[in-house]
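Open the structure in your viewer and keep the selection tool at hand. The stops below say what to select next and what is there.

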Amino acid sequence: MNTLHLDQADILIDLAQQKLYLPRLNKQYLISSGKNGIGETENSGKTPRGWHKIAEKFGQNAPLNSVFVARQATGEIYNPQLAAEFPQRDWILTRILWLSGLEAGFNQGEGCDTYQRYIYIHGTPETENMGEPLSHGCIRMRNPEVAELFDLISEDALVYISEQALDLGRLNVSKSE
């Protein structure tokens, strides 16, 4: 893989600050990453680092709060009654942007493959906190925001996930919310 630079990223994810940035569009969103921390190991529940691309997108035109299981819309719309009926479900809502690692032996390949780990950017119930790590390794977003992201970003978009806080000034990204 050729060396990529941060200014080539379509999406920047800052795990230290729990934010997702669209530098070319001057947008940012609060996220929630893996509660088990940061790492690439299969079955770890951790959020992987490094260069990725959006491999596939699911949920075009689905209503907000649509429930997905195995990347298929179930026809359900998330609500408190459904949450009470299925308390152990990891809710994947509204849209899915499925990530694929681009760094062989780090986030791509046996034992560390982001795609095979089913790491997504996806919506989550409004009751879930943003700005703190609470997911099973995915990047969770508010439903209206993940729907907006879905419409703004194409498949094959470059994504960089950073463990360290990103220097937004150098990348010319506004720090306003």
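Start by selecting arginine 89, which at 26% relative accessibility counts as partly exposed; buried means under 20% relative accessible area, exposed over 50%, and partly exposed in between, with a 1.4 Å probe and protein chains only. The model is a predicted one, in which local features need pLDDT of at least 70, side-chain atom pairs count only at pLDDT 80 or more, and totals for chains, interfaces and linings use all residues. Residues are numbered from 1 along each chain as its sequence is written, and side-chain values use heavy atoms, leaving out hydrogens and water.

Helices (H or I, at least four residues) and strands (E, at least two) are DSSP runs, numbered from the N terminus. Glutamate 76 is partly exposed, with a relative accessibility of 22%.

Now show phenylalanine 86. The charged end of arginine 89 sits over its ring, 4.3 Å from the centre; this requires NZ of Lys or CZ of Arg within 6 Å of the ring centre and within 35 degrees of the ring normal.

**Proline 125 and its surroundings**

Select proline 125, in the loop between E8 and E9. Proline 125 is buried, at 2% relative accessible area. Which residues is proline 125 in contact with, leaving aside its neighbours within four places in sequence? They are Tyr78, Trp91, Leu93 and Arg142, where contact means heavy atoms within 4.5 Å. Proline 125 and arginine 142 are 17 residues apart in sequence, and their C-alpha atoms are 7.4 Å apart in space.

Glutamate 126 is partly exposed, with a relative accessible area of 45%.

**Aromatic pairs**

A pair of aromatic rings is described by the distance of the centres and the angle of the planes. The structure holds six aromatic pairs. Rings of Phe, Tyr and Trp (its six-membered ring) pair if their centres lie within 6.5 Å; planes under 30 degrees apart count as stacked, over 60 as edge-to-face and the rest as tilted.

Select tyrosine 78 and tryptophan 91. Their rings are edge-to-face, 5.0 Å centre to centre with 75 degrees between the planes. Both tyrosine 78 and tryptophan 91 are buried.

Next, select tryptophan 98 and tyrosine 118. Their ring centres are 5.5 Å apart and their planes are at 25 degrees, so this pair is stacked. Tryptophan 98 lies in strand E7 and tyrosine 118 in the loop between E7 and E8, so the pair ties together parts that are 20 residues apart in sequence. Tryptophan 98 is buried, at 5% relative accessible area, whereas tyrosine 118 is partly exposed, at 42%.

**Helix H2**

Select helix H2, residues 143–152, where Asn143, Val146, Ala147, Leu149 and Phe150 are buried. These residues cover an arc of only 160 degrees around the axis, which puts them on the same side of H2; the arc is that of the directions from the helix axis to the C-beta atoms. Among the elements that cover them are strand E1 (11–14), strand E4 (50–58) and strand E7 (92–101).Show lysine 57, whose charged end sits over the ring of phenylalanine 150, 4.3 Å from the centre. Then select lysine 27 and glutamate 148, whose side chains meet in a salt bridge of 3.7 Å, N to O. Lysine 27 lies in strand E3 (residues 27–30) and glutamate 148 in helix H2, so the pair ties together parts that are 121 residues apart in sequence.

**Strand E10**

Finish with strand E10, residues 158–162, in which four of the five residues are buried. E1 and E10 run parallel and are joined by four bridges; strands pair if DSSP finds at least two bridges between them. Leucine 12 has tyrosine 160 as its bridge partner in E10. Four bridges also join E4 to E10, and these strands run antiparallel. Here histidine 52 stands opposite valine 159 in E10.

Conventions: A salt bridge is a side-chain nitrogen of Lys or Arg within 4 Å of a carboxyl oxygen of Asp or Glu.
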